[in-house]
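Me: Can we go through this structure together? I'd like to talk about its contacts, a topic at a time.

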Amino acid sequence: VQLQASGGGSVQAGGSLKLSCTASGSGFSINTVNWYRQAPAKQRERVATITRPGTTNYADSVKGRFTITRDNADTTFYLQMNNLEPEDTAVYYCNADAFLGRDPYPNNYWGQGTEVTVSS
């Protein structure tokens with residue numbers, strides 16, 4: 001399974017961006033999806049999670065501003081980011097658990113990062 005993240009860019013504070021993460025491969029089924037971010041000189045942190053049934057969870061720092069969704073085909077996942085703040089500047093990564101074929105245990109996959117820069 002390969003995850004391809006896109007949608008990063010540079011915006012001013014208060015602006016919006018929508019990140020996408022597309023899963024490709026064969027014979028897979030995506031379970032839980034996460035978005036992480038890593039700011040310069042900081043540890044990677046989880047930003048948002050969506051389970052297969054659609055339950056979502058957010059870091060306190062982004063609650064009310066970010067929304068994680070998944071498409072009906074369960075191959076593309078989004079992070080809508082509104083009212084962006086300079087503190088949101090980071091490289092954002094998508095991460096997913098996926099089942100392969102009939103394997104009952106999921107594997108974990110990471111996409112490459114997409115950079116988000118928010119200027120004040």
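Reply: Let me begin with the disulfide, meaning a pair of cysteine sulfur atoms within 2.5 Å: Cys21 and Cys94 form one, with their sulfur atoms 2.2 Å apart. Please keep in mind that this is a predicted model, in which local features need pLDDT of at least 70 and side-chain atom pairs count only at pLDDT 80 or more, while totals for chains, interfaces and linings use all residues. Residues are numbered from 1 along each chain as its sequence is written, and side-chain values use heavy atoms, with hydrogens and water left out.

Me: What's the handedness of the disulfide of Cys21 and Cys94?
Reply: The torsion about the S-S bond is about 65°, so the disulfide of Cys21 and Cys94 is right-handed.

Me: And which strands do Cys21 and Cys94 sit in?
Reply: Cys21 is in strand β3 (residues 17–24) and Cys94 in strand β9, so that the pair links distant parts of the chain, 73 residues apart. Strands here are DSSP runs of E with at least two residues, and helices are runs of H or I with at least four, each numbered from the N terminus.

Me: Is Cys21 buried or exposed?
Reply: Cys21 counts as buried at 1% relative accessibility, and Cys94 is buried too, with a relative accessible area of 0%. Buried means under 20% relative accessible area, exposed means over 50%, and partly exposed is in between, using a 1.4 Å probe and protein chains only.

Me: OK, rings now. How many aromatic pairs are there?
Reply: The count comes to two aromatic pairs, under a rule by which rings of Phe, Tyr and Trp (its six-membered ring) pair if their centres lie within 6.5 Å, with planes under 30 degrees apart counted as stacked, over 60 as edge-to-face and the rest as tilted. In one of them, the rings of Tyr36 and Trp110 have centres 4.9 Å apart and planes at 50°, so the pair is tilted. Tyr36 belongs to strand β4 (residues 28–38) and Trp110 to strand β10 (residues 107–110), and the two are 74 residues apart.

Me: What about Tyr93 and Trp110?
Reply: The ring centres of Tyr93 and Trp110 are 6.5 Å apart and the planes are at 80°, so this pair is edge-to-face. This pair also links distant parts of the chain, with Tyr93 in strand β9 (residues 90–100) and Trp110 in strand β10, 17 residues apart.

Me: Is Tyr93 buried or exposed?
Reply: Tyr93 is buried, with a relative accessible area of 16%, whereas Trp110 counts as partly exposed at 40% relative accessibility.

Me: Which residues does Tyr93 touch?
Reply: With contact meaning heavy atoms within 4.5 Å, and not counting residues up to four places away in sequence, Tyr93 touches Asn34, Trp35, Tyr36, Gln38, Arg44, Trp110, Gly111, Gln112 and Gly113. Arg44 lies over the face of Tyr93, at 3.8 Å from the ring centre, where a charge sits over a ring if NZ of Lys or CZ of Arg is within 6 Å of the ring centre and within 35 degrees of the ring normal. Lys18 likewise lies over the face of Tyr78, at 4.5 Å from the ring centre.

Me: Switching to the largest nonpolar core, which residues touch the most other members?
Reply: Of its 32 residues, those are Ile30, Trp35, Phe66, Leu79, Met81 and Tyr92. A nonpolar core is a set of buried Ala, Val, Leu, Ile, Met, Phe, Trp, Tyr and Cys residues joined through side-chain atoms within 4.5 Å. Strand β9 gives the most to this core, with five residues.

Me: Last one, what's phi like at Asp74?
Reply: Phi of Asp74 is near 60°, a positive value in a residue other than glycine. Asp74 lies in the loop between β7 and β8 and is buried, with a relative accessible area of 16%. A polar contact of 2.7 Å joins the side chains of Asp74 and Arg70, the term being a pair of N or O atoms within 3.5 Å where, within protein, one must be able to donate a hydrogen and the other to accept it, and residues adjacent in sequence count only if both atoms are side-chain atoms.
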